[in-house]
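Here is a short report on one protein chain. Keep the sequence and the 3D view open while reading.

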Amino acid sequence: MRRLPLSLALLTLAACPTRPVEPPQTGCRTSGCPEGSACVGDVCELVMTHADGGAICERDEDCPQGQACVRSTGACVPASETDGGAPTLDAGLDPDLCREGTTEPCGESKIGQCRLGVRRCLSGDAGVFRFGGCEGAVGPSAEQCNGLDDDCDGDVDEGFGAASCGLGACARTVTTCEAGVPRACTPGTPMAETCNGLDDDCDGDTDEDQPMLSCGVGECRRMLASCAGGAPQTCTAGTPVAERCDGLDNDCDGTVDNGFMSATCGVGVCLRTVPTCVNGAPQTCQPGPMGTESCNQLDDDCDGTIDEGCSCTPNASRPCYSGPPTTQGVGRCRAGTQTCSAGGQWGSCAGEVLPGTESCNAIDDDCNGSADDGLGTTSCGVGACRRTVNACVNGVGQACTAGMPVAETCNNVDDDCNNSVDDGLGMTSCGAGDCLRSVPACVAGVVQTCTPGMGTTEVCDGRDNNCNGATDETFPQSGMSCMTGLAGPCGTGASRCMGGLLSCQQTVMPIAEVCGNGIDENCNGIVDDGMGCCTNMTDNDTDGVPACNDCNDNDGSIKPGATEICDGKDNDCDGLTDEGFDTDMDGFTRCGTRVGGGIDPVRVDCNDMNAFVFPLKVTDCGAAATPATPNAVDDNCNGLVDETCGCRNQDRDGDGVTDCQGDCNDNDNTIAPGRPELCDGKDNDCNAATVQNCGVSQNCGRRQGSSWTPWPTGTDACRADLVCVSNVSTGELTCGSFCNQTTGTGLGDSCAAGEGCLRNLVDSDNLHLCSVVQVGAGTTGSACTLSSQCRSGDCLTTDGPTDYCSDKCTHEAGCSANTSCVVQESPLTSGPFVIGNYLWSFCRLDSNLTATRTKGQSCSATTPCRAGAAACHNGACIEPCCDHADCGAGYSCSVNGPTRTTGYQTSTMESILSVMPSCLASGAANKVSGQACATSAECRSGICDNTRGICVDLCCNDTSCPNGTTCEPVLLKLSTGPVTTARACVFAPVPARVIQR
């Protein structure tokens with residue numbers, strides 16, 4: 001066999017409570033009933049119970065055989081204590097009467113801060129025994145804001161309500177008690193009033209004093225409030241329409257009644273022109289009065305014809321000009337002459353010169369008063385070289401010549417005429433090392449000044465911290481004495497800096513070993529191990545190296561020359577621990593090696609190829625080159641990414657740690673780096689690696705309404721050697737510890753007060769767990785009627801005529817003198833289907849056992865074993881065991897006993913076994929935990945760890961393990977494929993491990 005990692009075992013165990021953990025509750029004469037029920041007609045049914053744990057009765061027929069009913073108290077008592085059918089305990093109706101030596105629980109509750117006590121039966125006057133006062137009980141008190149359930153009602157800090165204060169945006173409501181700390185209500189800070197539907201200035205009014213908005217002109221002008229319904233408003237002008245003659249600006253262009261044309265009417269001297277709109281009133285055009293036509297170049301009779309019948313006087317002449325009047329006599333333009341013909345009609349205009357197209361000739365060709373105008377300009381060149389000239393000067397066409405470029409200067413001008421301003425002026429740098437700064441030489445035409453950064457004390461980091469041009473030339477630890485980690489005198493060295501990382505340089509080199517001086521001259525971790533020095537030739541771990549040359553003679557996987565593995569140990573005895581597993585030399589290994597040995601999950605380097613990434617770093621924001629820029633990497637291995645980026649450096653919860661110092665919840669003063677990890681469903685120390693901290697009987701979840709839910713992933717879980725189980729009747733989630741019986745030698749073997757060894761891990765070997773129960777006083781084998789009367793919490797009602805207290809057991813020594821540890825096989829069901837069988841063992845009365853064959857004797861179906869029908873293995877009887885000491889001389893506690901298949905792993909389809917550790921003949925197998933092995937046949941337990949090459953023993957508790965090993969839950973994989981869970985003696989690298997109970 002080989003042992004799988006402990007982490008895999010824990011994952012497997014944590015899943016167990018979802019599978020059946022008790023035998024089916026039909027056929028209760030063979031399996032017993034849960035607390036609060038009794039076997040009626042071979043079926044477990046709920047029953048009412050008396051205050052002292054007995055059943056309530058009304059008549060003698062309600063009591064078990066041999067008992068009578070005390071009708072005044074409803075309690076059943078032995079018939080010998082009655083007198084002629086009239087119960088003697090009725091006299092005086094004294095509820096404190098009792099039997100000598102008995103006890104009963106007292107008090108109100110064991111919820112929250114409350115604790116139950118005990119009343120003891122004490123002798124009194126006239127030989128009468130009465131219960132004394134209640135010892136040790138703690139009752140409920142008024143609920144206080146302290147994070148505790150003071151009134152014992154199952155709720156913490158309830159009923160404190162909330163407090164409100166402030167108006168508007170300053171209104172605040174807080175719970176008056178949070179996480180056990182009273183809270184006062186403080187109003188918010190008033191702000192300037194803005195349009196948002198809120199009372200920003202906290203005066204009771206909303207959006208007051210907001211201005212009016214105005215837009216548009218004329219008929220389009222609009223006005224409205226700038227804020228309505230908490231939303232800023234936008235002013236939209238009205239829509240313009242066609243201008244009407246109404247004294248209004250209808251088209252909203254700022255002018256009233258504009259755009260109306262003049263109206264013209266009549267001809268000749270009757271011609272009139274009037275505006276069509278005056279002062280908002282439409283106007284009508286009326287022609288002038290007509291006259292008598294005369295030859296005067298006028299249309300006197302307004303008939304549209306001028307001087308009809310007498311156009312002109314023959315041979316008369318007059319000047320004429322058909323061009324624009326303003327051009328006559330300007331530039332080259334000249335008037336002509338018009339002569340009246342013999343018919344009285346004017347002839348054509350002769351000799352006139354009209355405007356033409358302007359050309360570059362020093363003449364005003366278009367007669368506008370300017371010669372050579374309108375011919376434009378000509379441009380050439382860019383930047384400072386750009387030039388522009390007139391296209392024509394004094395009748396001559398002009399050519400454009402660009403300016404000459406010069407060297408670029410910082411003046412916001414393109415001096416070199418390359419179409420780019422102030423280009424090519426480069427950067428200005430100053431300072432050295434970490435103080436080096438660079439700025440553009442010119443910005444917006446202004447020469448820039450470079451200011452170097454401030455230097456700091458030089459440290460070993462591969463950088464010029466003090467800005468003197470040298471890197472790591474000196475640092476605070478330079479040359480100081482340090483420890484190299486090597487053995488012997490080689491352990492002393494001097495600090496130096498290599499590649500930006502601080503290291504310890506060895507100053508003492510190994511020399512040949514000198515015998516007898518108590519010094520390890522060759523620095524291999526072993527004193528006086530040179531030729532002829534070794535005097536202790538004992539090889540306790542059978543690894544072939546004598547004790548004086550072996551740095552750990554209790555562990556067969558540790559010896560000089562062995563392969564170093566990352567486990568917190570010096571496997572090859574060279575004085576170094578886990579060398580080669582810190583690739584980036586940041587002081588943290590891939591398995592979490594602690595200083596001085598051992599491993600700690602919180603020290604696991606999550607990226608051993610990057611010295612900037614390592615655990616326990618306070619800040620996490622960015623890479624080494626850009627420490628203030630998020631890089632989406634968990635640089636401090638705490639399960640969070642960039643959590644200090646954008647922090648506000650505030651301490652809102654008053655715990656002394658800001659969010660910039662790594663406080664992962666600055667609203668809860670129980671959460672901050674370095675805080676003790678509590679079993680409360682929170683990540684108190686802000687490190688996701690430290691979650692296994694809940695102890696025996698502590699909750700591993702919280703109640704939500706009427707049900708329970710586990711603590712959130714990444715916060716809290718049961719410690720490594722515990723399992724989270726659910727109470728069958730209440731659903732409460734608590735951490736259970738492994739046990740061999742309910743009452744025994746104490747820690748490492750039995751359960752604590754108020755607990756019973758009740759739970760089986762059915763898809764494993766014969767493992768039991770402690771669970772909180774209502775524990776009575778009955779010992780194993782004593783008479784009972786209810787399970788609550790037994791210290792084990794298990795009254796067996798299916799084994800013979802008399803019910804008695806039973807208990808789980810893993811070996812014969814776990815049962816009382818009149819009972820024996822018997823192996824039981826029960827079906828494992830899923831719904832209506834049987835999916836496998838499992839093995840378990842319990843204490844059974846010797847008087848009810850008929851078989852006599854014991855360990856090592858032959859057996860069959862007709863000749864059963866005293867330890868039960870399931871205890872017959874390969875034709876011989878076995879006895880259950882948890883370590884070699886249970887078996888006696890010639891026998892060993894081995895995994896090669898009876899097995900049953902309980903199911904299959906869905907991922908690999910490997911079968912899961914229920915194994916009964918059994919006392920089997922040792923034969924040639926003689927090696928125990930820690931001794932070197934090559935095959936399982938060499939080991940007394942039948943287990944050889946193939947990874948480390950050492951034997952692994954089964955165990956009851958830590959004290960039963962040899963060679964410095966400890967008793968831990970592990971997952972075993974058999975050579976044929978199946979897996980099972982067991983408690984075994986291993987060199988467990990578990991930091992802060994509590995002693996298993």
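## Surface and overall make-up

The accessible surface of the protein chain is about 49800 Å². Carbon and sulfur atoms hold 54% of that surface. This is a predicted model. The chain has 997 residues, and 39% of them are buried.

Take the contacts between residues at least 6 apart in sequence. Of these, 38% join residues at least 24 apart.

## Nonpolar cores

In soluble globular proteins, nonpolar side chains tend to be buried together. The largest nonpolar core here has 15 residues. Val895, Ile943, Leu954 and Leu972 touch the most other members. Three strands each supply at least two residues of this core: β52 (911-915), β56 (966-973) and β57 (979-986). The largest share comes from β57, with three residues.

A second core is separate and holds 11 residues. Its members include Cys859, Ala870, Cys877 and Leu920.

## Rings and a lysine

The structure holds two aromatic pairs. One of them is Phe588 with Phe614: the ring centres are 5.7 Å apart and the planes meet at 5°, so the pair counts as stacked. Both residues sit in the loop between β35 (501-506) and β36 (692-694), yet the pair links distant parts of the chain, 26 residues apart. Phe588 has 10% relative accessibility and therefore counts as buried. Phe614, at 23%, counts as partly exposed, because the cut-off for buried is under 20%.

Lys617 is placed over two rings. The charged end of Lys617 sits over the ring of Phe614, 4.7 Å from its centre. Lys617 also lies over the face of Phe612, at 3.6 Å from the ring centre.

Strand β19 covers residues 262-265. In a regular strand the side chains alternate between the two faces of the sheet. Which residues of β19 are on the covered face? They are Ala263 and Cys265. Ser262 and Thr264 make up the uncovered face.

β19 runs antiparallel to β20 (residues 272-275), and four bridges join the two strands. Within β20, Val274 is the bridge partner of Ala263. The two strands form a hairpin with six residues between them. In the turn, Gly266 has a positive phi of about 80°.

## Around Cys497

Cys497 lies in strand β34 (residues 492-498). With a relative accessible area of 21%, Cys497 is partly exposed. Which residues does Cys497 contact, leaving aside neighbours within four places in sequence? They are Cys460, Asp461, Asp472 and Phe475. The C-alpha atom of Cys497 is 7.8 Å from that of Ser478, although the two residues are 19 apart along the chain.

Ala362 is a residue other than glycine with a positive phi, near 65°. It is found in the loop between β24 (336-339) and β25 (377-380). The relative accessible area of Ala362 is 48%, so Ala362 is partly exposed.

Asp578 also has a positive phi, near 55°, and is not glycine. Asp578 is found in the loop between β35 and β36. Is Asp578 buried or exposed? Asp578 is buried, with a relative accessible area of 2%.

Conventions:
Residues are numbered from 1 along each chain as its sequence is written. This is a predicted model: local features need pLDDT of at least 70, side-chain atom pairs count only at pLDDT 80 or more; totals for chains, interfaces and linings use all residues. Side-chain values use heavy atoms; hydrogens and water are left out. A nonpolar core is a set of buried Ala, Val, Leu, Ile, Met, Phe, Trp, Tyr and Cys residues joined through side-chain atoms within 4.5 Å. Buried means under 20% relative accessible area, exposed over 50%, partly exposed in between (1.4 Å probe, protein chains only). Contact means heavy atoms within 4.5 Å. Accessible areas come from the Shrake-Rupley method with a 1.4 Å probe; for residues, only the protein chains shown count as cover. Rings of Phe, Tyr and Trp (its six-membered ring) pair if their centres lie within 6.5 Å; planes under 30 degrees apart count as stacked, over 60 as edge-to-face and the rest as tilted. A charge sits over a ring if NZ of Lys or CZ of Arg is within 6 Å of the ring centre and within 35 degrees of the ring normal. Two strands pair if DSSP finds at least two bridges between them.
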